[in-house]
Amino acid sequence: MIATIFRRALYSLPIALAVSLFCFLLVHIAPGDPINAILPPDAPADVVAQVKEAYGLDKPLPVQFGIWLFRVLHGDLGRSLATGRDIWPDLHSALANTLVLAAAAAMIGFPLGTMFGSIAGAFRGSWIDRAAVVLAVAGVSVPHYWLGMVMVVIFSVLLNWLPSMGASPDGSGVWALDWGHLSHIVLPAITLSVIPMGIVTRTLRGIVGDILNQDFITTLRGKGLRRGGLIAHVVKNAAPQALAVMGLQLGYLMGGSILVETVFAWPGTGLLLNNAIFQRDIPVLQATILVLSMFFVGLNLAVDLAQALLDPRMRR
Amino acid sequence: MTNFHLPRRTLIAGSTALAAMGSIGKVRAAEEHVLRYGMAFADVPLTTGQPNRGAGAYQFTGFTLYDPLVTWEMDISNRPGKLKPGLASSWEVDPADKKNWIFKLRPGVKFHDGSTLTADAVIWNLEKVLNPKAAHFDNAQAAQVKLRLPSVATYAKLDDMTVQITTKAVDALFPYQLLWFFVSSPAQYEKLGGSWEKFGFAPSGTGPFKMGTLVPRTSVELIRNENYWDKSRIPKLDRLILVCIPEDLARTNALLSGQVDLIETPTPDAVPQFTARGMKIVGNVTPHVWNYHLSMLPGSPWLDKRLRQAANLAVDREAIVQLMGGLAKPAFGQMDPSSPWFGKPTFKLRYDMDAARKLMSDAGYSKSNPLKTKFLVATSGAGQMLSMPINEYIQQNYAEIGLQIELMPVELEVLYTAWRKGAGDEIAKGASANNVAYVTSDPFYAIVRFYATKQIAPNGVNWSHYSNPEVDKLCDAITSTFDVAEQDKMLARVHEIIVDDAVQVWVVHDTNPHALSPKVKNYVQAQHWFQDLTTLS
């Protein structure tokens, strides 16, 4: 097991390097200029040249990438071009906020998806199954920024029940476990949970349906196993695949919340990325994508290990 | 510059304290006068002295925390403001050498940390942004203000309360440049170990507000400075909390749901909702223009003045104002007619399709034989108003007169890059017009930088490559005339020439709209991007 962990951790290094390089190239291929993150738009050519030199943006791209990589390997993610601040404190708080939001969305989406999917799989062809399919398709199809806006209009603007934006009532941006903070997370978490709920529903419906059609289930039924025992067998067989899907979805929740965080002004990595993209703040973009991709790689590793623990066949 | 890391323990302690402050805050709010202001920014503008994020950010972390040597009348809404003494109680040009400007500093001004404003502090601040060899030189601040101080050649302390700044050439407009230059406390910088990053979290200026808690990307708290030197500008509020809400709809919803008390740039289609809830929409003439710069390079169709005039006459500006929910003003030129620099142009910008068709026809174009050209436009962005809907509306207007424009939408940052490089650069991709909307706050920003031949890109932002010897002569005279009335006359003359010449297509002026809940009192909106938040109560 330790060898597996070590081997997989080694695999993540080329992945991180490739992601960083790809991201770096993508940002530089796109039109626009990182200097826009620093200078007002009407800056004359001589000022632009001076500032580019001061920030090292006048160096050839491979050199810029090399310098960045060298610093990252020494634990320095660099400074934001737009604010001049060290990137890590901003990224750290943004990651914490996104993690809280993703966890809340997962806590809503995964159990509901599991429940709807399992029931639909167990009652294939029934009205329950059809309702679950509709729910799954709707969950995957509804644009979540649209859903977010609609919920804000209903629950914040019209009913005034829940706040429409921000992560905390005091504006500190630091999350805590009390109703003031919970009320801020309700709408974005529900909005963000809709897609994973749909995907988990769809996946579990297929897995449970397939397992229930397998010979060993017929045998167990024939031997007179009670419903509780049957469910235990289904859960045990479905768990590794379900876990894999949920693990991937949690990764998507971490990296794919840009629109939801923008709609709700949630100060997470999505908002940080959104701002960095529009400002061409390359160091922030690079650092955020690197950390998120590492998180994704780590999550995949954790899921693989959990699968191996649940299913001995996976260890072979 | 040293790194500023917040240890996890500090963060936890800080968050607990903030959470506690939050609950206490609710009790305190009953006694205190506190307002929450939704800004259209994704991050708090720089708090070290020179705000980033453009002219619109100066009202938030510029004129609140700091003062410039020369400031602006911001408490007047019924006419354009004027320069007035700030940290310099007076200034004059040296009659013997008009490149030398002498600034007498205001006595008794204290920074928030208790240190005193002196000539040494002003020189230290000039070094901070203009001398890369100075130990305390700050790239981030220099990047914001160096281009705003293009005339400065040298500076020197004459005595403890007098500073001399020498310009590269005679420049009568120089005091306008100082509006953008704020003075930070050298003592506080030293106290914080010479770190601008730490200074950003504990800044010290001379302004009417002191800074409380700064949460990057989220909010900043401003606290009344009881000891502010200008007693007429001591804030009425105890605290003002500026909240970052970059997305227009999120900002609008935050006001409608009562999370903030006022916002900038509300969405036009929410205006009926605001008014139905007793909220106020406040706007004013603002030095800004939404326009198309037209290429004057060889081969451009816009070398024909008839086409330029037709393009101006075919824009239904009133309909665009309606599209903006009334949050805009039709443009009759680069300047608003209320400006002393408007003059009396003979070419009247109006919606006259017959006249536009006639001009197109005279130039050899019609609906059956249209002129086809490309316009580089912004998908959206600060200052661009409803960029794509306005562009598409004008595209329809133009189709009616035989002018087929292909819109080339790009991100605003890309448009800015193209703007700096000029019409001849390959980044323009053959476009004959550029759609950057911008600030027109002073003679240089409104006139000189767009029409003087020496400002042709990439030296300046004369994107069009417009060149007119009479305009050049007037621009030179404007910068060497110290009589303000005479300066105004010359600026008006330049404006008459460029409008009569239909150098651009002028569409609308932004009114810099704000939406205010009934709780907000005494909001005075100056005819500028610079606003005074001390009047709020």
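Modeller: Let's start with helices: they are DSSP runs of H or I, at least four residues, while strands are runs of E, at least two, both numbered from the N terminus. A helix's expected span is 1.5 Å times one less than its number of residues. The model is predicted, with local features needing pLDDT of at least 70, side-chain atom pairs counting only at pLDDT 80 or more, and totals for chains, interfaces and linings using all residues. Residues are numbered from 1 along each chain as its sequence is written, chains are lettered from A in the order in which they are written, and side-chain values use heavy atoms, without hydrogens and water.

Biologist: How many Å apart are the end C-alpha atoms of helix H1 of chain A?

Modeller: They are 41 Å apart, which agrees with the 40 Å that its 28 residues (2-29) should span at 1.5 Å a residue.

Biologist: What is the strand order in the open sheet of chain B?

Modeller: Two strands pair if DSSP finds at least two bridges between them. Here the four strands run S4-S5-S7-S6, with antiparallel pairing. S4 (88-93) and S6 (152-159) of chain B each have a single partner strand, so one side of each lacks a neighbour in the sheet.

Biologist: And how many salt bridges cross the interface of chain A and chain B?

Modeller: A salt bridge puts a side-chain nitrogen of Lys or Arg within 4 Å of a carboxyl oxygen of Asp or Glu. The rule finds three across this interface. Asp43(B) and Arg85(A) form a salt bridge at 2.8 Å, N to O.
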